[in-house]
Amino acid sequence: MSHAKGNWQPSRPNINERTEYMFNNDLYSDVKFIVPKTVGESKIKREIPAHKFILSISSPVFEAMFHNVLAEPTDTIELPDCEYESLLELFRYMYSDEANLNGNNVMGVLYLANKYIVPALADICVTYLQEHVDSSNVFNVLPSALIYEEKELIEECWDVVDNQTEQALRSEAFKTIERSLLEAVVQRDSLAIKELNLFQAVNLWAAKECERQGLSTNGKVKRRILGESIVRGIRFPLIRQAEFARIVLVSEILTTQEVARFFKYYNYAQSASSLGFLDSKRTGFSDHRIYHCRRFRSLLDGRNRVNGGNNDRLLFRVDRDIIVHGVGLFGSDNNSYSITVELKESGQTFPEEVVSETVQCTYIPYKCDFYFGYELMFHAPIYVKKNTDYEFKASIHGPQSWVGRNGTAIIQYILPIARFTFTDVKDVSNATTTKEGQFPEILFSCIV
């Protein structure tokens, strides 16, 4: 940005406006910063003009850089350790007491605010992160929160990890965390996750670390990279024998002797205490009692609805944070169905979860009645944020099915207290509404 000299001062009657006018302005600039900017897959160098006086009165680091005996002898300074957008927001704050933060620049701005000792801006960044941290970014935020010892932000991050464990461990950021942070995660008793899923996430992390180090991805190498404290932190006795044989065994992380002891344990020839691994359920997972939010006042039997692959879609929101474990769907007696179910936040491109299965109908209790159908459990529970719209979508192929009638848009669940609000999806191909159709129940648990 560049401005020629001119009669600009009268239109800016106070010092704040005049100082803000000088931000990213060549006018009277006496120092330039050269910083990298990411453009697509490449990096280019960009220039930011600045004024030593403004930077010096805002940061003791810049003051020392420009005015003490070790002052920089040049008026052009390269900063390879930051991004253009982050440095620009640091300077914006120094010139105007404002910063335009977003998910792409906030971590870089926090780094610079601490590097150049601008604590007020660091506090603004921390507040922004506390308001925006979620399962997709928590493992980007937590390492910086630990480095800068931001206690409240650290607690917020651990709350997300505890309550949204499944989603957090499936994020891309988790695959690249430091081993010390992985160890801290595994040692937490408050995780809300099945032990098998935790093991799979740890095993994937180890495999990625082998690739990063150029090592063979085999069980012995993975165990060495993980270390005994992490391996011993997995509560293998909680994993069912079939899953142990199908997933844990083939990972080859456990030794031959450990595997032999586990098969003795599964066949009641050995106690869990002799295995060397904890066998108590994690409190975060065991506290998640599953409730059934049931939508309909009446049900009609299997001669009422043909399932030819039409989409069944339904919007809902809840007035508190919950975890959705699965959904109930109608079928009919002695019949099977091919189904695909999606759950996603409304407006998002990618679903939170997609499950495709062929199921055989069973007899399912429903209030004071019953229906023939199936309860489809997701591969991983889904964290649903309060007062946010989510959408179920089901594609169902099979014979005629039962159908729900006399549904209501609002359901007040008393114990636990949770208010569900349902909304119709305006789509001519949609076969479900708030009043009738599919999705007789949502299987959920509450976050304390």
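I began with Gly103, which counts as exposed because its relative accessibility is 60%, where exposed means over 50% relative accessible area, buried under 20% and partly exposed in between, with a 1.4 Å probe and protein chains only. The model is a predicted one, in which local features need pLDDT of at least 70 and side-chain atom pairs count only at pLDDT 80 or more, while totals for chains, interfaces and linings use all residues. Residues are numbered from 1 along each chain as its sequence is written, and side-chain values use heavy atoms, with hydrogens and water left out.

I placed Gly103 in the loop between helix H4 (84-96) and helix H5 (106-115), helices being DSSP runs of H or I with at least four residues, numbered from the N terminus.

**Two buried residues**

I then turned to Ser56, which I found in helix H2 (residues 52-58) and which is buried, with a relative accessible area of 11%. The side chain of Ser56 reaches the backbone oxygen of Lys52 at 2.7 Å and makes a polar contact with the side chain of His67 at 3.1 Å; a polar contact is a pair of N or O atoms within 3.5 Å, where within protein one must be able to donate a hydrogen and the other to accept it, and residues adjacent in sequence count only if both atoms are side-chain atoms. Setting aside neighbours within four places in sequence, I listed Phe62, Glu63, Phe66 and His67 as in contact with Ser56, contact meaning heavy atoms within 4.5 Å.

Thr165 belongs to helix H9 (residues 165-169) and counts as buried at 0% relative accessibility. The side chain of Thr165 reaches the backbone oxygen of Asp162 at 3.0 Å, and, again leaving out neighbours within four places in sequence, Thr165 is in contact with Val160, Leu191, Ala192 and Ile193.

I noted the division of the chain into domain 1 (9-131), domain 2 (159-274) and domain 3 (290-446), with bounds that come from an automatic or database domain assignment. The centres of domain 2 and domain 3, taken over C-alpha atoms, are 33 Å apart, and six residues of domain 2 are in contact with eight residues of domain 3.

Where does the largest pocket lie? Domain 2 and domain 3 both give residues to its lining, so the largest pocket lies between them. I recorded about 510 Å³ of space in the largest pocket, and of the 22 residues that line it, Asp134, Ser135, Ser136, Gln164 and Tyr383 are the closest to its centre. A pocket here is an open set of points on a 1 Å grid over the protein atoms alone, with protein on both sides within 12 Å along at least five of seven lines, and lining residues have an atom within 4 Å of a point. Helix H6 (119-132) and helix H8 (151-163) are the elements that give two or more residues to this lining, and H8 provides the largest share, four residues.

Terms used: 1 Å grid on protein atoms, 1.4 Å probe; cavity = no way out; pocket = protein on both sides within 12 Å on 5 of 7 lines; lining within 4 Å. Points joined across faces, edges and corners; volume = space filled by probe spheres on them.
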